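Work through the exercises below with the sequence and the model open. Try each task before reading its solution.

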Amino acid sequence: MAAFSSKGPNTVTPEILKPDITAPGVSIIAAYSEAQGPTNLIFDKRRVAFNSVSGTSMSCPHISGIVGLLKTLHPDWSPAAIKSAIMTTARTQDNRMQPLLNASNIMATPFSFGAGHVQPNQAVDPGLVYDLTVNDYLNFLCSLGYNATQIETFSEKPYRCSKKITLTNLNYPSITVPNLSKSITVTRTLKNVGTPGTYRAKIKNPTGVVVSVKPESLKFKRVGEEKKFKVTLMLKKLKAAKDYAFGELIWSDGKHHVRSPIVVKEA
């Protein structure tokens, strides 16, 4: 992970993991403006069509292009479904099949890479997705305390906050609990976008936390079918997770591996 890459945790809404995803962003050969020289210095009179560029401005176009390709292949997918497919199929190992490292050669965490490094070909067929509707997002804004006038900026028509959600229950492809006190149960819904099959849950517990899933298996018979499940996170003992701890939940039918980061910190 590059030293200049954006880092978590999310200071605005800690219950939502940020960053979401990692993409190539270092020394990218990119189209370049001829309005200035390749060094951006006033005295540099050279003009080039391409330059080696680094930054979020390079990783973002990679993701944007992948989103466009996925929307072309799956025109019925929502933005949330596309985001889920990208996140749940990402990898957390480098090209040597070793854990991703940060710029100090220390093992990186989801606060550095989010769900992992994007894998476009795998995102084409994620098996399952965590989907969201427009109303889900509006209810999320309700839960953040937005008033009717503010929400209408997004809804384009009056929207009544009749259903506030717990922020940890937003149907996001990651699970983040920033203030765990003893235990908490969160709910997620998976939608089948692949072949029928039975998916079984596999957990990697964060340090100091025990995670359980009910039910432990989900059987899907058709495309578009949705299944709910609950995830319970419980502290092993007090002060077991004083700092952020990281784990993961994977749903697999043997072919697909739908992976979600788990991020938790004791209250």
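**Exercise 1.** Decide whether Glu-156 counts as buried or exposed.

Solution. Step 1: the cut-offs for relative accessible area are under 20% for buried, over 50% for exposed and partly exposed in between (1.4 Å probe, protein chains only). Step 2: Glu-156 has 72% relative accessibility, so it counts as exposed. Step 3: locate Glu-156, which lies in the loop between H6 and strand S4 (175-180). Here helices (H or I, at least four residues) and strands (E, at least two) are DSSP runs, numbered from the N terminus. Step 4: check the backbone; Glu-156 is not a glycine, yet its phi is positive, about 65 degrees. Most residues other than glycine have a negative phi.

Before going on, note the source. This is a predicted model, in which local features need pLDDT of at least 70, side-chain atom pairs count only at pLDDT 80 or more, and totals for chains, interfaces and linings use all residues. Residues are numbered from 1 along each chain as its sequence is written, and side-chain values use heavy atoms, with hydrogens and water left out.

**Exercise 2.** Find where Met-97 lies and state whether it is buried or exposed.

Solution. Step 1: Met-97 is in the loop between H2 and helix H3 (110-113). Step 2: its relative accessibility is 54%, so Met-97 counts as exposed. Step 3: the phi of Met-97 is near 65 degrees, a positive value in a residue other than glycine.

**Exercise 3.** How many of the ten residues of helix H2 (residues 79-88) are buried?

Solution. Step 1: the buried residues in H2 are Ala-80, Ala-81, Ile-82, Ser-84, Ala-85, Ile-86, Met-87 and Thr-88. Step 2: that is eight of the ten, so H2 is largely enclosed by the rest of the structure. Step 3: the buried residues of H2 pack against several elements, among them helix H1 (56-73) and strand S11 (257-266); contact means heavy atoms within 4.5 Å.

**Exercise 4.** Describe how helix H5 (residues 134-143) and helix H6 (residues 148-155) pack.

Solution. Step 1: the angle between H5 and H6 is about 155 degrees, and their axes are 10 Å apart. Step 3: Leu-138, Leu-141 and Cys-142 in H5 meet Ile-151, Phe-154 and Ser-155 in H6.

Methods:
Axes are lines fitted to C-alpha atoms, for helices over the stretch in contact, and angles run from 0 to 180 degrees between N-to-C directions.
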